[in-house]
Number of protein chains: 2
Amino acid sequence: MADLGEFGLIDHVARIVQQVAPGEDVLVGPGDDAAVLRVRKGHVVVSTDLMVEGRHFRKDWADPVDVGHRAAAQNLSDINAMGGRATWLTVGFAAPPTLPARWATDFVRGFAEECASVGAGVVGGDVTSADKITIAVTVLGRCTVSPVLRSGAQPGDVVALCGRQGWAAGGLAVLGRGFRSPRVLVDAYRRPQPPYDAGQVAAEAGATSMIDVSDGLLADAAHVADASGVAIDIASATLEVPEPLVAVGSATGADPLTFVLGGGDDHSLLATFPAGAALPEGWVRIGVVTDPGPDGPAVTVDGTSYDGPTGWTHF
Amino acid sequence: MADLGEFGLIDHVARIVQQVAPGEDVLVGPGDDAAVLRVRKGHVVVSTDLMVEGRHFRKDWADPVDVGHRAAAQNLSDINAMGGRATWLTVGFAAPPTLPARWATDFVRGFAEECASVGAGVVGGDVTSADKITIAVTVLGRCTVSPVLRSGAQPGDVVALCGRQGWAAGGLAVLGRGFRSPRVLVDAYRRPQPPYDAGQVAAEAGATSMIDVSDGLLADAAHVADASGVAIDIASATLEVPEPLVAVGSATGADPLTFVLGGGDDHSLLATFPAGAALPEGWVRIGVVTDPGPDGPAVTVDGTSYDGPTGWTHF
């Protein structure tokens, strides 16, 4: 990157971005002090995430195009979880001067491709140096119906899940042990496939609360329970445990269900719906919302507290 | 930070932010998958920046409150340079687990105070761990007149400057030599005072191009020259060299003008105006725009190329 220089890299990256993910309603894209966007009257949703090499990704576990897809997916998914459509993203990129410029441009290409897949554009960014690759993404989106918050779950609601859950965690477990198969799980980790259309559909179908599973299914269910002041019980028999996860469980000695309950990198959606509502296509009922017990909001599995892995925090 | 934990810190920070800089038109602030903002029909401007400890700031040169002010000022200034008003910001914060939580919360307090000073709100963020403190900011703003780009300068235009220029660079030079005075320069570095109202006023007064000086006066003039396809000549006699900079120049053996020409941390505004236009209050004429020479867009000082320090790049 030192050869190309900061401004050379910015020019290069801006060209990739405008080619791959130009975005709608972008009056001025990357290159000025700020991007200029034409907004329609209504609600804009905005979310931001930081990814640090060695903590959120490893260069030896995924190529830069995949890291770009993952970084974008993680952020696009936050807008999905509000019931919105992602429209514009900015990306800050810090890396050691010794990083090949190709890594950075491949990353941006993957990032822009993932954004383009949902019709979102990359409208700005920043490049600087750091000891480790650090990626800062902010995503903006638009909601056509009221945004679905974490705080709206009501006792009596149905808890439902949409999208793959546990696959990426299985892939991560495999990579962490130095293996590269089952390939389908490794690929699920490297390039998640969030159910991008499901958030808006759920919002339109009357979802009372929603979150994307990024910390882990039970950990994110707990975020909903806390924000809503309710209890949530998950029925483990309703959770799909796909065959490749069973295989990984056998090989590693882990209960494959722990990947489903604790995994967070698939960016599936967890939502609650009124008891009588018909669940939209792709949504599976996995539990119920109840009144909180004497100890306050809590998440249980099959009626009892669960003491296996439930996600992870950064400290 | 490890003691407080990721979610504990997020809660704490969200409370500070909502107290200090709640922001207008924020329907949902920090804490959900995304913030929800009510936008008015029109242009939204967005910009993003990354700051890395040791490269963009040092813990021993400024306290965390000041680092917060600076980080916010740097981003608010980008909106100023478009002729807009900053409305909402997100901040990503990565730090070693050993960083005292107090540093992080003091940083956020300074950041939120600076935002509140222009009426902007902090609407979202992310916290994670990293070897070095890394701060990722995205700022949104609103333009009531057409945004002023870097690309609109025309031959014949007047070049004008608004705000302190070179003070922060002088402060940085002093700190870099282990001193703490002249205090006014050190303070200018620690807590810049960008001319926040000047951008919108300049836009309304018909500025043809505008940029905030963050890479250095001549370096940023070159960004305007390149984007506009023009040449810019700066008249050095029109540049104010304040007494404290003269003192630093004497002490360090540097020509104090180099701080003014090369410095970038004051976030002054550089703009071009049509030849006949009356400059708004606070703006000082410092040069002219001319046709580019045979070698293309260029910046000169007193009609000749300048070979002193002109700014800095990150690689």
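**Close-up views of a predicted model**

**View 1. Strands S7 and S11 of chain B lie side by side as an antiparallel pair.** Five bridges link strand S7 (residues 158-162) to strand S11 (residues 283-290) in chain B, where strands are DSSP runs (E, at least two residues) numbered from the N terminus and two strands pair if DSSP finds at least two bridges between them. Within this pair, B:Val158 stands opposite B:Val288 of S11(B). The model is predicted, so local features need pLDDT of at least 70 and side-chain atom pairs count only at pLDDT 80 or more, while totals for chains, interfaces and linings use all residues. Residues are numbered from 1 along each chain as its sequence is written, chains are lettered from A and ligands numbered from 1 in the order in which they are written, and side-chain values use heavy atoms, with hydrogens and water left out.

**View 2. Six strands of chain B form an open sheet of mixed pairing.** The order of the strands is S8-S10-S7-S11-S9-S12. Strand S8 (209-212) and strand S12 (298-301) of chain B each have a single partner strand, so one side of each edge strand is left without a neighbour in the sheet.

**View 3. A:Asp265 sits in a loop of chain A.** This loop runs between helix H9 (256-262) and strand S10 (269-273) of chain A, helices being DSSP runs (H or I) of at least four residues. A:Asp265 counts as buried because its relative accessibility is 11%, the limits being under 20% relative accessible area for buried, over 50% for exposed and partly exposed in between (1.4 Å probe, protein chains only).
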